[in-house]
Amino acid sequence: MRWRLWLLMAPALALLLAIFAAPLLHYLWLSTQAQSVLTGLQPQPIGAQQWLRLWNDGRFWQDTWQTLRFSAASVSLEMLLGLAVALLLNQPLRGRGVLRTISLLPWALPTTVMALGWRWIFNDPYGPISRLLAGLELPAIPFLSNPALTWMATVGADTWKTTPFVALLLLAGLQTIPADLYEAAALEGATPWQTLRRITLPLLTPYLLIALLFRLAQALGVFDLIQVLTGGGPAGSTESLALYAYLNAMRFLDFGYSATLLLGSFAILLILCGAGAVIWRWSLRWQGGLR
Amino acid sequence: MSGPMSAGDGFQGLKLRQLSRRVGSHTLVDQLSLTVAPGEILALLGPSGCGKSSTLRLIAGLDPASSGEIQLGGRNITALPPAERQVAMVFQSYALFPHLSVERNLSLGMELRGMGRAEIQRDLDQVLALMQLEGLRQRKPAELSGGQRQRVALARALIRRPALFLLDEPMSNLDAQLRDNLRAELRTLLRSTGVPVVYVTHDQHEAMGLADRIVVLREGRLQQLGTAERLYRDPANRFVARFLGSPTVNLIERGTTQLGLRPELLELTDAGSPVPQGWEALEGQLSHREWLGDRVISHVQCAEQGTLRVLSREAPISSALQVRWRQADALRFDARSGERLPGSNTPHTE
Amino acid sequence: MIPPRALRRWALLLIALLGSLSLGLWGLATERVEPVSVLMPAPFADATAELVNAFNRSHPRIALSVTRGPLETEAVSDLAISSLLLGESPYDLLLMDVSWTPKYAAAGWLEPLDRWLGPDALSDLAPGAELGNAFSGQLWRFPLVADMGLLYWRTDLMDAPPRTPAELVAISRRLQREGRVPWGYVWQGKQYEGLSCVVLEVLRGFGGHWHVENQPQLDSPAAVAAASWLQDLVRQGITPEAVANMGEPEALQLFQAGDAAFMRNWPYAWAELNKPDSPLRGKVAFTTMVSEEGQPHAATQGSWGFSLLTGSQHKAAAVEVLRFLTSAEAQKQLNLRWGYTPTRLSVFEDPELRAANPVLADLQQALAAAVLRPLSPVYAQLSDLLYRDVNTVITGDQPAPTAMRELQSNSERLLRSSGGQG
């Protein structure tokens, strides 16, 4: 009985293996090889040296921190705003269809085009924001030339772009909640805030989790937005792990280390996911124990 | 826990006065007036789309009234939000919160109102015991049977100790046998609350078996209000006559008049039998019979008058039959308007 | 409504199409045609279109086609590398930036040109243009267009350009104080290759070097002084804070709007500034970068040239194309029609061109001041270290001495780990 089950799953497993496991294994092998412009692009075994280099690479850890900071900020903003937009679009408003379409536009825009647009908006001193501030006789804000501000600018641009995605997912979730649950809650005297907290959010949890997962995966791999908007600067303050790995592969032609970087960030992602799952379970148990 | 009573006209039950709800050009509830006394169960009966659920939602405050007034316990609640009306409602779907246990489904409202933990626990134990739900405390709604869910929904309404009980087809999701068993039980339970109860159903048996009085609605308008017996014996119009009674009342044409003949008031004899004084008769052929166990429905094909349904204890022996009835038993309706014409069987008593 | 130039282009294109079609048919009937494919950044592909047509007309046995690459330098590199990594590159020739040459050569993608072009290949090149084509004793690239860093200055605001860093600062402050310009000097301060070019010029001007004999010299007093000077420009408000995110277009935009007295940029800006609708038309001149007394006025060399790819199946034909497109006649046309700076001495000294292009002599002079970025297969990493670190100085995140010390040790470590192949 068991073996038949495995037999039936075999094609799917083979596909998964080919799509995920094979490249991972190749990268794992590559991370033990020096394959760079210095070796004439020929692989030469060097053992764990590149892993040691990764461990001692301050830039890797800085980029890890920056990627996490970017992801945490943009994903939480997107979840909050996405939820707000979804709740708004779920209301029986006039012209809701048009509103839904308009609110999706940022998502439909190619990231590169969007990033160029933001580069113009943030341009100092000729962008619209700078001109507005100049018109008010206020000093310009160095959005893209001040490390403390620029990472926030990237978060802002990313939030603008991907909030519609979150909103759409959550809107789909909201529409699965039967109206009579809200009516029952209204009869029980629930305020809008209580309804949101006690009814909507718990029932939306699966959708929130899916949106969170999708967005985290995308944000942790952020590349094109950063590449176009800031190029990783100023002072390296917006460089992401993906951008660093890209530089190593395409600019430095150091494929061995690029593979090590990719695996390193993958490992960090796995550890984070694992920690997240443990915390999630633990908090559920804690909540359960409380009641 | 009955609500604060303000000086009204002294009537402590539910009172609807010219209540209407219009959406666009549709009138869902049309100038409805009625009263329900404390401890009384009133059934809103009618086919789907007749406005019975709309009326219930107006009373609960889930939809705003276009005009008219709702009074409860002597105060005008027409403009109050649902939570302030002290109304409990059992939804057709039960509307149990799927993410909460039975216990938490019941206690949510009390938590929201900020009741103390001990108080909540006390009420909870009481109602769970009353509804025999103690063993299911920790279950989620998805882990309950249909009957159990209904009990939880009722329990959630009871635990509020409302000033008014609203039920929207609470039996429609249960199988027929369970429904029959529950009817008496539910009636006792609702009665014991001592508050007015409005019960929406499209099932006449449920309405007749449960309610003290019944309102028949059609297209948002009140057709007749009265006891089950009164509605059955003395229907105000053809619609009410047809809606109550099973099998359905027979209708035969008499020029501009229609006669309504209840199947159980018809007698069957052999064709060609003499017709007694004060009786009327039609002759026809037996087309088929339905056995109900203790009784039988005979379908008799009577030339131009169509098929008559006759309910009797014994099955007819021959197939050529005479169907006859006491003239006084026939309900007379205006063929065009369907309104009841005077000169029918039962004298008006109300 | 169509400008006559565009009309002419379309007509030429039509003629070229018909011509190459008939030639192609004829060629098919007689002998096999060798296809040669070249990848160029978009502006070069546009500028060489007529030359390519002319080549195809005069060389019936070679079918030359140009792939119009992206606009940005690094995007062209990405495209080329992606195709090269896949093994068989669809291109025979690549138009390369000077800074890519050692990397591509070390990767084994380039064919040495010595045996194809002969020992005298570089003899006609103008001083400065010969730099950056050879690496580890072999010639890998032949330059088509010269490019070097220039200091643009406003002739309506001053009589003569500054020659020392102190003069530049003094003139800027005076003009700013007088309210004639909001900013003094704009340049490329963004974290990218352009900043390395800027730093190299200032570094040489302060008497420092990026590399000496494959050893980085980035914590020398001169290097620290150079970085401090750039930081001070921002601190003193001579350069806007936004410079930390400025590339060439952003600097040009600000300068062209009349909002700065000086700009560091490449020769292409000259044509842009003198366009009919430019507010600075006729009010701009250029010179070489400022330097301390006794130090060179350096111009970072940034030429573009053709390399032959090892994977090419049509090397002889490709070399034929290379010779044609880099010929004196072709360079003269490119300068006359498109304003591109030549690399051949004979073209610089062509009387007709001298008459038509009054700044040619100035460009030649600037080219003679050309300095080269380190020739190293790991140059991309070296430059990445430099522009990241100096960018932290410009944003004020690090003091210049700390940043330069860090840069020096990072560069040393990089060179050590790459086996000293500086």
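Among contacts in chain B between residues at least 6 apart in sequence, 63% join residues at least 24 apart.

Student: Is this an experimental or a predicted model?

Tutor: This is a predicted model.

Student: OK. What does the C-alpha trace of chain B span along its principal axes?

Tutor: The span is about 80 × 45 × 35 Å. Chain B has 350 residues, and 41% of them are buried.

Student: Which domains is chain B divided into?

Tutor: Domain 1 covers 14–233 and domain 2 covers 249–334. Their C-alpha centres are 40 Å apart.

Student: And how many helices and strands in chain B?

Tutor: Eight helices and 18 strands.

Student: Which strands form the open sheet with β12 of chain B, and in what order?

Tutor: The order is β11-β12-β18 in chain B, with antiparallel pairing. From one strand to the next, the twist averages 30 degrees.

Student: Why is one side of β11 and of β18 in chain B left without a neighbour in the sheet?

Tutor: Both β11 (250–254) and β18 (331–334) of chain B are at the edges and have a single partner strand each, so one side of each lacks a neighbour in the sheet.

Student: How many bridges link β11(B) and β12 of chain B?

Tutor: Five, in the antiparallel sense; β12 of chain B is residues 257–261.

Student: What stands opposite N250(B)?

Tutor: L261(B), in β12(B).

Student: Switching to the contact between chains A and B. How many residues from each?

Tutor: Chain A gives 15 residues and chain B gives 15 residues. On the chain A side, α8 (179–187) and α9 (192–220) each supply at least two residues.

Student: How many of the chain A residues touching chain B are nonpolar, polar or charged?

Tutor: Nine are nonpolar, two polar and four charged.

Student: Now the cores. Which residues have the most contacts inside the largest one?

Tutor: The largest nonpolar core has 132 residues, and those with the most contacts inside it include L93(C), V186(C) and V321(C). Helix α9 (residues 221–235) of chain C contributes the largest share, ten residues. Domain 1 and domain 2 of chain C each provide at least three residues of this core.

Student: What is V321(C) in contact with, leaving aside neighbours within four places in sequence?

Tutor: V36(C), V38(C), F55(C), I62(C), L64(C) and L93(C).

Student: What does the second core include?

Tutor: That separate core has 98 residues, among them A60(B), V216(B), V310(B) and F333(B).

Technical notes
Residues are numbered from 1 along each chain as its sequence is written. Chains are lettered from A and ligands numbered from 1 in the order in which they are written. This is a predicted model: local features need pLDDT of at least 70, side-chain atom pairs count only at pLDDT 80 or more; totals for chains, interfaces and linings use all residues. Domain bounds come from an automatic or database domain assignment. Two residues are in contact if their C-beta atoms, placed from the backbone, lie within 7 Å. Helices (H or I, at least four residues) and strands (E, at least two) are DSSP runs, numbered from the N terminus. Ala, Val, Leu, Ile, Met, Phe, Trp, Tyr, Cys and Pro count as nonpolar, Asp, Glu, Lys and Arg as charged, and the others, Gly among them, as polar. A residue is buried if 20 or more other C-beta atoms lie within 10 Å of its own, exposed if 12 or fewer, and partly exposed in between; C-beta atoms are placed from the backbone. Two strands pair if DSSP finds at least two bridges between them. Axes are lines fitted to C-alpha atoms, for helices over the stretch in contact, and angles run from 0 to 180 degrees between N-to-C directions. A nonpolar core is a set of buried Ala, Val, Leu, Ile, Met, Phe, Trp, Tyr and Cys residues joined through C-beta atoms within 7 Å.
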